[in-house]
Amino acid sequence: MSVEALGAFEEAIARWDGRRGNELLWQRQASLWTGGSESLRLGWLEPDRLTSLDELESFATEIREEQIRWVVLLGMGGSSLGADLLAEACSPSRGPTLLVLDSTDPDEIRSVEARIELERTLFVVASKSGTTEETVSLESYFFDLLGKRMPSSDAASHFVAITDPSTPLLTRAKERGYRGIFVGAEDVGGRYSVLSVFGLVPAAALGCDCRSLLASARAVQSEIGADRSAAESPGIGLGLLLGTLAARGHDKLTLGLPDSLEALGWWLEQLIAESTGKDEKGILPVVGEPRREVSSYATDRVLVDWRGEDPSAEVVSGATRISLAAPGVENLGAELYRWQLATAVAGSVLALNPFDQPDVDASKVATQQLVGDRKTVAPEPRVVEVLADENGRWFGGSALAGARDRSEVVRSWLHRLAPGGFFATLAYLPREPAFEDLLVRLRTAVHEGTGVVTTLGFGPRYLHSTGQFHKGGPNYGTFLILTREERETLPIPGRALSFGQLEDAQARGDVQVLHQRGRNVLQVHLLGRVEEALESLVHTVELALREMEPSFPLGRELPS
């Protein structure tokens with residue numbers, strides 16, 4: 001950290017303490033942020049009141065006695081990522097296997113269906129609003145599937161609902177007689193809900209020790225006294241540091257996680273990106289990017305390493321590195337609580353509301369408009385392999401037919417990469433190893449060839465995570481959206497719409513909103529054998545990068 005950044009951080013601590021920030025936090029004062037609706041979303045500060053541990057433990061015993069083998073979680077964003085993290089970190093070796101289904105990709109749905117025995121599976125339907133498009137569609141699909149094998153009352157015994165009060169999901173679960181209904185707190189947003197029923201019900205079903213998780217979080221909570229300074233308060237100082245650095249342009253938070261904590265990265269990505277990426281500001285979490293020597297990073301990087309050491313911060317060749325102690329199962333709740341605090345406090349420094357997500361809703365509206373009132377999507381002719389620029393220059397017309405080859409299109413698009421920006425690959429494909437390997441190869445080529453920060457997300461999952469940052473954060477991103485045709489139709493029960501058509505509408509809706517926000521986006525529609533088409537695209541990008549040297553690197557160097 002530079003001398004100037006250190007001085008700004010010390011000023012931020014003094015400002016927080018001077019206004020009695022801890023006290024205002026416990027009083028739920030919206031004045032810590034924008035003075036808006038923030039006070040209505042601070043229930044996560046007191047996790048003990050969000051869940052009945054006795055009810056959780058009774059539920060866990062019931063699942064164990066019935067020898068449930070699979071728990072399939074149907075949810076998006078905060079309703080799935082927290083549970084996935086808890087399952088990875090603390091589920092015992094003996095117990096049900098958790099499968100998280102947060103995709104509308106038909107192949108991914110079929111893959112989950114093929115792995116389970118329906119009669120020995122518990123489906124957990126998690127949605128705070130009770131109207132999440134993906135979750136409702138998946139619930140309908142699996143309930144219909146079970147209903148074809150058994151009476152509806154027996155099918156309902158395989159379902160648990162987690163939702164807020166007075167939602168359509170709550171009504172439906174009661175009418176059908178779901179075996180379990182857990183009601184969340186309205187003053188807790190989805191991405192801050194990991195230590196509420198949304199994270200703990202699936203964790204309990206797997207056999208996790210939820211009492212220890214909450215006790216660990218409570219230990220941190222007790223250290224955030226109203227009279228304590230920010231420097232003495234876990235999470236507060238970290239948030240002030242991250243917010244101060246981001247405000248000075250050090251806004252690429254690169255997470256160096258051990259393999260055993262991979263899911264923590266995806267949870268943090270959603271928490272931080274969706275909380276801070278708005279009003280043309282924000283902190284971009286970078287997860288899973290191939291690591292390089294710290295000295296090779298530009299100064300806009302902030303690296304967090306969980307290295308099993310005491311917390312510290314240092315500057316390595318301009319980039320700031322923060323070292324944190326690696327959490328074990330016994331203090332995982334403390335780590336999650338600390339990062340929720342840090343994210344909320346960083347939002348205070350950046351003068352934004354860390355508890356809303358206005359641009360996530362914009363993509364949902366665009367998708368619904370594309371789906372239409374008839375709840376169907378008409379097939380759209382695909383006349384070229386590369387689609388882009390809704391203004392007509394590249395989008396679906398004859399501009400590419402003979403006038404430009406694919407390599408020229410890619411070179412032109414790569415020239416739009418912004419210094420100090422980032423490159424996001426957003427794939428509406430199943431998360432299969434072959435596809436992931438090719439996408440990592442693509443990401444690596446762009447990162448090493450340009451110096452630009454890279455991210456990777458699968459659609460529609462990313463819409464509920466980094467999608468907010470993409471559309472509401474700083475306008476320095478370049479987006480590659482990958483789509484394909486639905487090979488074998490998988491209908492959504494009760495609708496004249498297939499999962500592939502819904503997935504396509506979600507991709508096109510996001511492209512539309514990104515264009516409307518002035519973002520640089522290229523959609524590539526993969527024709528024929530998807531793996532071969534993707535391999536061809538990766539090769540084209542690699543070739544274009546070699547031909548474009550020495551146009552790069554574009555990493556941003558900030559004043560020292």
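Reader: Which elements each supply at least two residues of the lining of the largest cavity?

Author: Those are strand β14 (477–484) and helix α18 (499–516). Keep in mind as we go that this is a predicted model. Of its elements, α18 gives the most to this lining, with 4 residues.

Reader: What makes this space a cavity?

Author: A cavity is a set of points where a 1.4 Å probe fits but cannot get out, so that is what the name says about this space. Its volume is about 60 Å³.

Reader: Which residues line the largest cavity, and how do they divide into nonpolar, polar and charged?

Author: The lining is made by Y428, T483, R484, E485, E486, G500, E503, D504 and A507. They divide into 5 charged, 2 polar and 2 nonpolar. Asp, Glu, Lys and Arg count as charged, so R484, E485, E486, E503 and D504 belong to that group.

Reader: What about the largest pocket: how much space lies in it, and which residues lie nearest its centre?

Author: About 1200 Å³ of space lies in the largest pocket. It is lined by 45 residues, and E262, W266, R431, E436 and R461 lie nearest its centre. Helix α5 (106–115) is one of the elements that supply at least two residues, and α5 gives the most, with 5 residues. The whole lining divides into 19 nonpolar, 16 charged and 10 polar.

Reader: Why is A173 called buried?

Author: Buried means under 20% relative accessible area. A173 has 1% relative accessibility, so A173 counts as buried. You can find A173 in helix α8 (residues 168–176).

Reader: Which residues is A173 in contact with, leaving aside its neighbours within four places in sequence?

Author: They are A161, Y178 and I181. Contact means heavy atoms within 4.5 Å, so each of these three has passed that cut-off with A173.

Reader: How do you know that α4 and α9 are in contact, and how do their axes cross?

Author: The axes of α4 (residues 81–90) and α9 (residues 197–206) come within 8 Å and cross at roughly 35°. The crossing is right-handed. On the α4 side the contact is made by A83, L86 and A87, and on the α9 side by F198, G199, L200, P202, A203 and L206. These residues divide into 8 nonpolar, 1 polar and no charged.

Conventions: Residues numbered from 1 in each chain as written. Predicted model: local features only at pLDDT ≥ 70, side-chain atom pairs only at ≥ 80, totals over all residues. Heavy atoms only, no water. Axes fitted to C-alpha atoms, helices over the stretch in contact; angles between N-to-C directions. Left-handed = near helix turned anticlockwise from the far one by under 90°. 1 Å grid on protein atoms, 1.4 Å probe; cavity = no way out; pocket = protein on both sides within 12 Å on 5 of 7 lines; lining within 4 Å. Points joined across faces, edges and corners; volume = space filled by probe spheres on them. Buried < 20%, exposed > 50% of the residue type's maximum accessible area, 1.4 Å probe, protein only.
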